[in-house]
Amino acid sequence: MSDGERIEVGTDQDVVRVRQLVRTVAVSVKLSLVDQTKLVTAASELARNTLVYGGGGTVEVARVDNGRRRGIQIVFADQGPGIADLELALTDGYTTGGGLGLGLSGARRLVDEFLIDTSIGRGTTVTVTKWCR
Amino acid sequence: MALGPEEANRFAALLEERQEELVGAWTDRVAQSLRGRLSRTELERQTGELRKGFHAALAGGAAELGQEPADELRAQLTELSSSRARQGFSATETAVSVFALKDAVLTVLDGSDASNLRDYVAFSGFVDQAALFTFDSYVQIREGLIADQAEQLLELSTPVVKLWEGVVAVPLVGTLDSARAQVVMERLLETLVETGSPHAIIDITGVPAVDTQVAQHILKTVVAARLMGADCIISGIRPQIAQTIVALGIEFGDIATKASLADALRFVLKKTGR
């Protein structure tokens, strides 16, 4: 992992900044237009989760290289209440906040790698990676 | 080092006795930093007023800017920041207008006298407070301006246009957050009533990313329009947006969607038999 950029997420404006940063980095690693849009949308969902359910946190965007392909890795971290039932939270249409309930599950389908680490009372960290094709 | 009552008095006297020289030197320095963007007469009037303000505060025995005898001076400084901020001057250029008083005082002060210099240090602290206060109010005013502009932008960026007899369109551009979604919905519903249009087209060509929140806002707007008897079409769905919406799992149900605004208009006209 190299030269990561960090954004503190505390307001709706910060979600917009995350989106812009992800788009800039996605363009710089030459992600296709469809993949750019998918990644930006996933970042938007996850950053909003960090804000709404995690009570704010940080987002770190970095370029990655696995030797064969280049890509972007984004880490969303919060110190919120954590997710009690991960399987339920990843079910389409399940929401505790009045949304469509597709953010977390949808974001997982929009990226290549999706890792979630959560524990009650200590917060949630979601790591997503998108590789260039 | 705070300003003692005697020092304050001595400076008040100095500000009064040497007022012409002071205002002259002060104005020179301010004019230099603003490089001719305000007329000299205007600046002279401003520094003259500020001198009176400083004099009144010091003669009233203010040791700190926050004290009651300096009320008038604070009001003047706020006024100064406000006019500078609105005229587009930078924060530095605004604060310099106050800091320049220190230089001006130095030119009329007899520097060979050590007690004078001690007084000057104390007075200089007072001027620093005044300049910081100016800086603070400058920032506050600028923040106010930015908030106003954000609101104006919100209004500007959500027009509802009449495309055809009975067809109105909302071209959405930029990020659709909750505040804008609310404005869009209100505008659209009002226009539907005013024009009596049975058809509305929401065009999202200019929306860079459609996530679940944006989709939810659009869906709610469509449902509200339907409740009022209008039929809504969503247009401007680009290929990458379509793929993202599918991957996210958002369903637009029985709402008609089209790739371009032209397609949407053609669809409506065909449906109404025109």
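Which residue in β3(B) does B:Val170 stand opposite?

Modeller: This is a predicted model, so read everything below as computed from that prediction. B:Val170 stands opposite B:Ile202. The two strands involved are β2 (residues 167-173) and β3 (residues 199-206) of chain B. They run parallel and are joined by 6 bridges.

Helix α10 of chain B, residues 261-271, packs on the sheet. It touches β1, β2, β3, β4 (231-235) and β5 of chain B. The direction of α10(B) makes about 155° with that of β4(B). Another helix, α7 of chain B, spans residues 178-195. It lies across β1, β2 and β3 of chain B and runs at about 165° to β2(B).

Now the sheet as a whole. It is open, with 5 strands of chain B in the order β1-β2-β3-β4-β5. The pairing is mixed. At the edges sit β1 (161-164) and β5 (256-257) of chain B, each pairing on one side only.

The largest nonpolar core has 63 residues. B:Ile202 is among the members that touch the most others, along with B:Ala200 and, from chain A, A:Val22, A:Leu39, A:Ala43, A:Ala47 and A:Ile74. Helix α2 of chain A, residues 33-52, gives the most to this core: 7 residues.

Leaving aside neighbours within four places in sequence, A:Val22 contacts A:Leu39, A:Val40, A:Ala43, A:Val61 and A:Ile74.

Next, the contact between the chains. Chain A puts in 21 residues and chain B 17. On the chain A side, α1 (12-28), α2 and α4 (103-110) each supply at least two residues. By type, the chain A side divides into 7 nonpolar, 7 polar and 7 charged.

Chain A has its own layout. It holds 4 helices and 5 strands. Along the sequence the pattern is β-α-α-β-β-α-α-β-β. Of its 133 residues, 38% count as buried. Among contacts in chain A between residues at least 6 apart in sequence, 62% join residues at least 24 apart.

Within β5(A), A:Thr124 stands opposite A:Asp78. Strand β4(A), residues 113-119, is also antiparallel to β5(A), with 7 bridges. There, A:Ile116 has A:Val126 as its bridge partner. β4(A) and β5(A) form a hairpin with 3 residues between them. In the turn, A:Gly121 has a positive phi of about 85°.

The two faces of β5(A) can be listed separately. In a regular strand the side chains alternate between the two faces of the sheet. The covered face of β5(A) has A:Thr124, A:Val126, A:Val128 and A:Lys130. The uncovered face has A:Gly123, A:Thr125, A:Thr127, A:Thr129 and A:Trp131.

Definitions and conventions. Residues numbered from 1 in each chain as written. Chains lettered and ligands numbered in written order. Predicted model: local features only at pLDDT ≥ 70, side-chain atom pairs only at ≥ 80, totals over all residues. Pairing = 2+ DSSP bridges. Contact = placed C-beta atoms within 7 Å. Axes fitted to C-alpha atoms, helices over the stretch in contact; angles between N-to-C directions. Buried ≥ 20, exposed ≤ 12 C-beta atoms within 10 Å, placed from the backbone. Core = buried A, V, L, I, M, F, W, Y, C linked by C-beta atoms within 7 Å. Nonpolar A, V, L, I, M, F, W, Y, C, P; charged D, E, K, R; others polar.
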